[in-house]
Amino acid sequence: MKILGIGSALPKKVVSNDDLAEYMDTSDEWIRERTGIVNRHIAVDETTTSLSVEAVKRALAAAKVSGEEIDLIIAATVSSDYIYPTLSCEVQAAIGAKNATAFDIGAGCSGFLFALGTADGYFRTGRYKKAVILGAETLSKMMDWTDRSTCVLFGDGAGAAVLSAEGEQLKAMTQGSNGFEGMVLKCNNRPVNNLFRPLGPQTYSFTEMNGQAVYKFAVRTVPGAITKVLEEAHMSVDEVKLFVLHQANKRIIEAVAKRLGQSMDKFPTNMEKCGNISAASVPTLLDQLLEEGRIQAGDKIVLAGFGAGLTWGACALEW
Ligand code: ACO
């Protein structure tokens with residue numbers, strides 16, 4: 001397969017660490033030092049669907065592909081606007097992709113990598129030729145804004161890619177899950193509540209995280225996943241031009257770079273501007289790198305995501 005075009009969209013409202021310090025007991029220094037995050041975009045007038053549609057339209061324009069040519073749409077999200085219909089079906093209608101099969105997947109911050117792996121599998125059946133994959137989140141609606149240990153970390157946004165089954169860009173892919181430790185990062189859905197088990201009116205649940213457990217999981221898992229795809233792709237780690245990692249936290253990325261023996265120059269970041277946008281972080285960063293001309297034909301690039309589930313995914317690409 002081959003990526004034909006990338007697009008992204010962020011909400012208009014930018015919220016700085018200093019802005020947050022006006023609402024809660026935190027500081028720019030604490031957030032910046034522990035995470036690398038300085039600003040994040042927060043949805044006010046936007047929704048997961050509106051950001052997705054904007055990102056997908058930009059990706060289609062970059063790829064010079066029409067909605068009607070798309071036969072597969074996979075949206076990765078944990079914060080869609082409806083439980084059903086799915087985000088992917090909303091996107092299908094908005095771009096006029098009347099020939100597409102559309103469904104969502106939930107793999108937390110690994111979502112874009114899981115969508116890529118799933119599209120690759122569908123392409124290999126021979127029944128699909130052109131796909132839109134996207135990662136989109138408005139996690140701001142899933143934060144407990146009185147919990148300073150989580151709400152300062154996340155932002156909202158969407159990133160999308162148009163893929164073709166024809167091409168040899170994807171050299172190797174790995175995905176993995178560890179549900180045994182899943183409860184370290186969670187947000188409850190509705191509990192069973194019906195005529196036969198009435199619980200009465202319920203309030204929403206919000207994101208709960210054991211930050212140190214997530215940190216250890218990421219630092220333990222991501223270097224192994226990257227090493228695995230590089231071996232399968234017959235690429236040396238030194239040949240890789242850029243490692244485009246999920247933007248959870250600068251300290252996690254620094255630890256991964258150190259374990260791989262690589263300089264941080266090869267690990268571009270955008271968490272300073274966007275915070276952690278979960279499934280949207282990898283495609284959003286890719287879009288920015290392409291716009292800056294930092295990825296050229298023939299470059300060897302690694303993508304890696306890790307997050308709720310727990311889940312992880314990595315792939316090696318030759319652009
Ligand atoms: N501002 C100021 N102080 C804070 C804040 C804040 N926003 N949040 C927590 N604190 C305080 C705590 O109350 C605690 O105070 P205490 O010592 O008086 O009790 C102190 O800071 C230390 O808290 P810890 O939770 O131990 O902080 P830690 O050093 O572990 O850093 C962090 C927290 C940054 C979340 C870290 O654990 C981490 O990087 N984890 C990785 C998890 C991650 O990045 N998750 C993102 C989502 S998951 C994903 O994308 C895969």
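In which strand does Ser8 lie? In this predicted model, Ser8 is part of strand S1, which spans residues 2–9. Six of the eight residues of S1 are buried, and the strand is thus described as mostly covered. Ser8 itself counts as buried because its relative accessibility is 11%, below the limit of 20%. The side chain of Ser8 forms a polar contact of 2.7 Å with the side chain of Asp287. Beyond its neighbours within four places in sequence, Ser8 is in contact with Ala55, Arg58, Ala158, Gly159, Thr284 and Asp287.

Strand S1 pairs with strand S7, which covers residues 156–164. The pairing is antiparallel and runs over seven bridges. Within this pairing, Ile3 has Leu163 of S7 as its bridge partner.

His41 is located in strand S3, residues 39–41. With a relative accessible area of 14%, His41 is buried, since the limit for that class is 20%. The side chain of His41 reaches the backbone oxygen of Pro11 at 2.7 Å. Leaving aside neighbours within four places in sequence, the contacts of His41 include Leu10, Pro11, Lys12, Lys13 and Val14. Gly155, Asp156, Lys273 and Cys274 are also in contact with His41.

Met24 occupies the loop between helix H1 (17–21) and helix H2, the latter comprising residues 28–35. Is Met24 buried or exposed? Its relative accessible area is 14%, so Met24 is buried. When neighbours within four places in sequence are set aside, Met24 is in contact with Trp145, Arg148, Cys151 and Val152. Met24 and Asp147 lie 123 residues apart in sequence, while their C-alpha atoms are 8.8 Å apart in space.

Lys64 is placed in the loop between helix H3 (48–63) and strand S4 (72–76). Lys64 is exposed because its relative accessible area, 73%, is over the 50% limit. Although Lys64 and Leu4 are 60 residues apart along the chain, a distance of 8.2 Å separates their C-alpha atoms. The backbone of Lys64 has a phi near 55 degrees, a positive value in a residue other than glycine.

A positive phi of about 55 degrees is also found at His234, which is not a glycine. His234 sits in the loop between helix H7 and strand S11 (242–245). The relative accessible area of His234 is 72%, and the residue is therefore exposed.

Two cis peptide bonds are described here. The bond from Tyr84 to Pro85 is cis, with omega near 0 degrees. Pro85 belongs to the loop between S4 and helix H4 (87–95). The bond from Gly309 to Leu310 is likewise cis, with omega near -5 degrees. Leu310 belongs to the loop between S12 and strand S13 (311–318).

The largest pocket holds about 1,200 Å³ of space. Its lining consists of 37 residues, and those nearest the centre of the pocket are Val78, Met142, Cys187, Asn188 and Asn189. By residue class, the lining of the largest pocket contains 16 nonpolar, 16 polar and five charged residues.

For the second largest pocket, the volume is about 650 Å³. This pocket is lined by 25 residues, with Trp30, Leu153, Met209, Gly211 and Asn249 closest to its centre. Two or more lining residues are contributed by each of helix H2 (28–35), helix H6 (148–151), helix H7 (211–232), helix H8 (250–260) and strand S12 (300–307). Which element gives the largest share of this lining? That element is H7, with four residues. The lining of the second largest pocket divides into eleven nonpolar, ten polar and four charged residues.

Methods:
Residues numbered from 1 in each chain as written. Predicted model: local features only at pLDDT ≥ 70, side-chain atom pairs only at ≥ 80, totals over all residues. Heavy atoms only, no water. Buried < 20%, exposed > 50% of the residue type's maximum accessible area, 1.4 Å probe, protein only. Pairing = 2+ DSSP bridges. 1 Å grid on protein atoms, 1.4 Å probe; cavity = no way out; pocket = protein on both sides within 12 Å on 5 of 7 lines; lining within 4 Å. Points joined across faces, edges and corners; volume = space filled by probe spheres on them. Nonpolar A, V, L, I, M, F, W, Y, C, P; charged D, E, K, R; others polar. Polar contact = N/O pair within 3.5 Å; in protein donor to acceptor, adjacent residues only side chain to side chain. Contact = heavy atoms within 4.5 Å.
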